[in-house]
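The structure comes first, and the discussion follows it.

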Amino acid sequence: MPISIDLATLNMATVMPTLILVIGALAILCIDLFKRDLSRSFYTMIAVLVMLLSIGATLGLSGSERGFFDMMLMDGIAVVSGLIILVTSVLFVPLALSSKRFHEFTMPEFFALFLFMVAGFLFMVSSDNLILIFIGLETASLALYTMIAMHNRLKAIEAAIKYFTMGALAAGFYAFSALLFYVLTGSVEIGVIVNVLYERGFDPMIGVLGATVFMLAALGFKLSIIPFHTWTPDVYEGSSAALAGYMSIVPKIAGFVVAMRLFEMLAQSGVTWLEDVLFVAVVLTMTLANLMALVQTDVKRMLAFSSISHAGFVLAAILIGTTQANVGFFLYWMMFLFTNLGAFSMLWIARNKQNLWDARYQHPFTKFSGMVKVSPMAATIMGVFMFSLAGIPPFSIFWGKLFLMSAAVNAGYIGLAVVMALNSAIAVYYYMKLVVFMFLKDPVAKDGSIYAINASTPLKSIIGFALVMTLCAVVFVDSLIGFIAEYVVASGF
Amino acid sequence: MDHILSLIIFFPAFAGLLGFVVHKESAKAYAISVAAIELCLTLWLWVGFDATNAGFQFVEYAPLISQFGVSYYLGVDGISLFLVILSAFMTLIALIGLSVKEDVKNLVISVLFLEMTMVGVFLSLDVILFYVFWEMSLLPMLYIIGAWGSGERIYAAVKFFLYTFFGSVFMLVGILFMAYLYFQTTGVWSFALPDWHLLQVPYDFQLWLFGAFFLGFAIKVPMVPFHTWLPYAHGQAPTIGSVILAAVLLKMGTYGFVRFSLPLFPDAAVTFMIPIAIVAIVMVIYAAMIAYAQEDMKQVIAYSSISHMGIIVLGTFALNAEGITGSIFLMISHGIVSGALFMLVGVIYERRHTKKMSEFGGLASVMPGFATVFGIMLMGSVGLPLTIGFVGEFLALMGFFKVSMVLTALAGTGIILGAIYMLTLYKRSFFGVITNEANRGLSDLNSRELTALVPLVALVVLLGVYPKPILGPVDASVKKMISLMEQKAERQETKLLLKDVNTVGEVR
């Protein structure tokens, strides 16, 4: 019997954001076939336009739609996280237009891969089907591995292979966990899985334990939760600063949304070991990453550990699981987005072709010594990003931190709130270290151009935008909370 | 005078931003002009201030994050008014006395930003706004100590920053918990202090919350055993940094006690009254003894600051009108006196590039003007009657006398010790014959230094003889706060004790 499907039942609008990206990526590949000598600025702007269209399609969604046989789930958190992913991507792509030419950005394939990757992440956040999430995860990850390797340095290839190996392991864990969930419940949809587990009273416990632990490990690799974090600093070190900044934001939010969909339901189940496991993961990730960041000699590696610590901080939201915590999570990540992208972009404009300061590192702390004397503007901007990352008011991340800590207090996790506060106090030391180098030590460079060697108008605009968002956060936090809360509450989190 | 408080807070910061345009040679003059205008603004505020009204005046309110109850909420009362004036006044004096030549533009801009944060701390009625200014005050100070300090300046700056930041993150958790309690009771989010004043906090929570706030404030004061950052910071800071640090920044901690700890948690304040008093007395005596053992003049004054802050804390925790009014007056007088003393040490350091007492001796014969000013300030510091130091110290100790005679007597020995180390310092540096030939050719105070110091001398004497203009408004607001504490107290013991220590003529 032929199967007839009405196109209307598919609800094409739910796949529009991703579809636009995929078509855009294919178009870039086709254009490259016919005309080989187009400049990187062309592809950059095409990619930006495609993603702007995708943002438009996302904004058009109401926040509670399903489509494609319920495979796509465009609920509120899918829309909010999709917007975060797309906005970060739009801000990232123009970083390709640096004044120095880097190998990867001269290849059109980079931009095609980039759009495929963004599409993959969007699939991840807008589905509650473990299979589709897996496909999205792998599409995105494989594209990302390639993009890292395209930086074409020895360290870049090492980083790509390291990331690939770890990613493959994570994929294995993920598949195994999905399999276990399927065996236990006969479904791959998170909603159904959770319902069946509740009905059966989580029996057999050993099966649930196995499935959850494998899932935690798989997502742990993606979110760089301790002890699955070991790849992070090396991969960040090997890839370009711009891409490292991107990696610290987008893949993580995608992973977080999956974790939020799955674990929040389970964490509230009264199965205490899951809560305990999450609690330990949160505390360890925050604290150990902070301690390791203290001893780094390279700014990029320091920022890598700092991003692990921030990931641990927001993972607390999933443990707490209240609406306020979820709103706080998205607020925090939006605030983190601008500041962190700004900080990595500052490293990116200081990128030299050669390593001038250190045999291994591109951005050792000593490079920034006395920067305020030769390049006061750049030093002040970098200082603002550091203060914001440290959570000093009134800069952006403080408001996210405030909201999230308040969520912890309100849900009765006073101990957790104190740990969060203590970690802020530890973290301030290593951010301060860069500030001390920039503001209080004697200069090493004779003129400031060395800190802006890779700068160009698009890069400066991006940094300026990130700076304004970091400085003036207090102005729009209120409306942002309203916006996020509306979507999060609509999807029942 | 509708938006005068906003004007007072943001004028220096805005002027600081414009200051980037001003040429390096004129930067100091520019900063002095800005600080003078700011002082005029605060004096104008005093003129408009209604001394008979004990509540908050010139209130400004605008919601900032309405969903979370954070607002832009300013107000001034008798307690904060004079601290605001003190901040503006000492900033002006410190800028007049400024002698740094290197990167002076960056320095004065930092000082102007610092002025904004100091004034903001005293004028904020929203707790989050208060916290924002509280934390922001660390940044310019970090830069001032770290960039223009001497010797181990970076270590000192980072230590200062980390210590205070560490304390305040606990305060942040406390603030959030307090907001949560308010939300639970009323169903709305609010961080406004007048709202919180109406909330009766359960005793168990009071103890914890008091502890969280206490940690933030005590590190700033600094109370023993969290005091170790202060001598370092003072030792390495440039003169202007030391002056502002001693005169205003330390007062933020004691102001926090008066503004937050006492009215929000009256029962906990009573419970912790004696333990804190004991710590305060340890501060007074221990710091005085260390001060006596110092060789470096600046360290003597740094430790004497800790000692005097001990008396301020003691007076605050007498929990009666005399004690608290006295300690607020002492905050102001200590601000003026210690600021002047640090400036005087700066004067001699500039001439001789040393602060060691053994290097000096017989200075009175070559620098008579300097010796006179130093002598007057010294009298103010040890609390000689008819100087500014006496009024506050007397009131603070008298306040605590009603609580405990023995503890007050112990604190009184601190004053005797204070006289000993200060007079020893004076004897070793100023009296006798000149033993070090390098001192023979020293020039006396120049006109710049005189301009900065003479107003301070005048205030030390004037307010010492006639302190009423300040005591009046302070007393009114303090009495209002104490009656609020009494109304809000949850336990009967608290009410009884508050009545007890606030009645005249009884000694326990």
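## An arginine–glutamate pair in chain B

In this predicted model, B:Arg491 is partly exposed, with a relative accessible area of 26%. B:Arg491 forms a salt bridge with B:Glu493, in which the closest N and O atoms are 3.8 Å apart, and the partner B:Glu493, at 47% relative accessibility, likewise counts as partly exposed. Elsewhere, salt bridges that share partners join A:Lys162, A:Asp234, A:Glu237, A:Arg301 and A:Arg360 into one network.

## Other salt bridges

Over all chains the count comes to 19 salt bridges. One of them pairs B:Lys402 with B:Glu322, the closest N and O atoms being 3.3 Å apart. This pair links distant parts of the chain, with B:Lys402 in the loop between helix H18 (388-401) and helix H19 (405-430) of chain B, and B:Glu322 in helix H15 (residues 321-352) of chain B, 80 residues apart. B:Lys402 has a relative accessibility of 11%, and because this value is under 20%, the residue counts as buried.

B:Arg440 and B:Glu437 form a further salt bridge, with 3.1 Å between the closest N and O atoms. Here B:Arg440 is partly exposed, at a relative accessible area of 45%, whereas B:Glu437 is exposed, at 53%; the two residues fall into separate classes because the limit for exposed is over 50%.

## The interface of chain B and chain A

How many residues of chain B are in contact with chain A? There are 32 of them, and they meet 37 residues of chain A. The two chains bury about 3,100 Å² between them, with 83% of this area on carbon and sulfur atoms. On the side of chain B, B:Ile65, B:Phe165 and B:Val173 supply 17% of the area that the chain buries against chain A, more than any other three residues.

Between chain B and chain A the count of salt bridges is zero, while four residue pairs across the interface are in polar contact, both residues of each pair being at pLDDT 80 or more. The elements that give two or more residues to the side of chain B that touches chain A are strand E1 (57-65), helix H5 (127-136), helix H6 (138-148) and helix H7 (153-186) of chain B. The largest share, 14 residues, comes from H7(B), and by class this side of chain B has 26 nonpolar, three polar and three charged residues.

## The nonpolar core

The largest nonpolar core has 413 residues, and those with the most contacts inside it include A:Phe263, A:Trp399, B:Trp196 and B:Phe374. Leaving aside neighbours within four places in sequence, B:Phe374 is in contact with B:Met297, B:Leu341, B:Leu344, B:Leu425, B:Tyr426 and B:Phe430.

B:Gln236 is located in helix H10 (residues 229-236) of chain B and, at 14% relative accessibility, counts as buried. Beyond its neighbours within four places in sequence, B:Gln236 is in contact with residues among them B:Gly149, B:Glu152, B:Arg153 and B:Ala156, and a polar atom of its side chain lies 3.3 Å from the backbone nitrogen of B:Glu152.

B:Ser242 belongs to helix H11 (residues 239-264) of chain B and is buried, with a relative accessible area of 0%. Its contacts, with neighbours within four places in sequence left aside, are B:His234, B:Ala237, B:Lys298 and B:Phe342.

Conventions
Residues are numbered from 1 along each chain as its sequence is written. Chains are lettered from A and ligands numbered from 1 in the order in which they are written. This is a predicted model: local features need pLDDT of at least 70, side-chain atom pairs count only at pLDDT 80 or more; totals for chains, interfaces and linings use all residues. Side-chain values use heavy atoms; hydrogens and water are left out. Contact means heavy atoms within 4.5 Å. Buried area is the accessible area (1.4 Å probe) that two parts lose on being put together, summed over both. A salt bridge is a side-chain nitrogen of Lys or Arg within 4 Å of a carboxyl oxygen of Asp or Glu. A polar contact is a pair of N or O atoms within 3.5 Å; within protein, one must be able to donate a hydrogen and the other to accept it, and residues adjacent in sequence count only if both atoms are side-chain atoms. Helices (H or I, at least four residues) and strands (E, at least two) are DSSP runs, numbered from the N terminus. Ala, Val, Leu, Ile, Met, Phe, Trp, Tyr, Cys and Pro count as nonpolar, Asp, Glu, Lys and Arg as charged, and the others, Gly among them, as polar. A nonpolar core is a set of buried Ala, Val, Leu, Ile, Met, Phe, Trp, Tyr and Cys residues joined through side-chain atoms within 4.5 Å. Buried means under 20% relative accessible area, exposed over 50%, partly exposed in between (1.4 Å probe, protein chains only).
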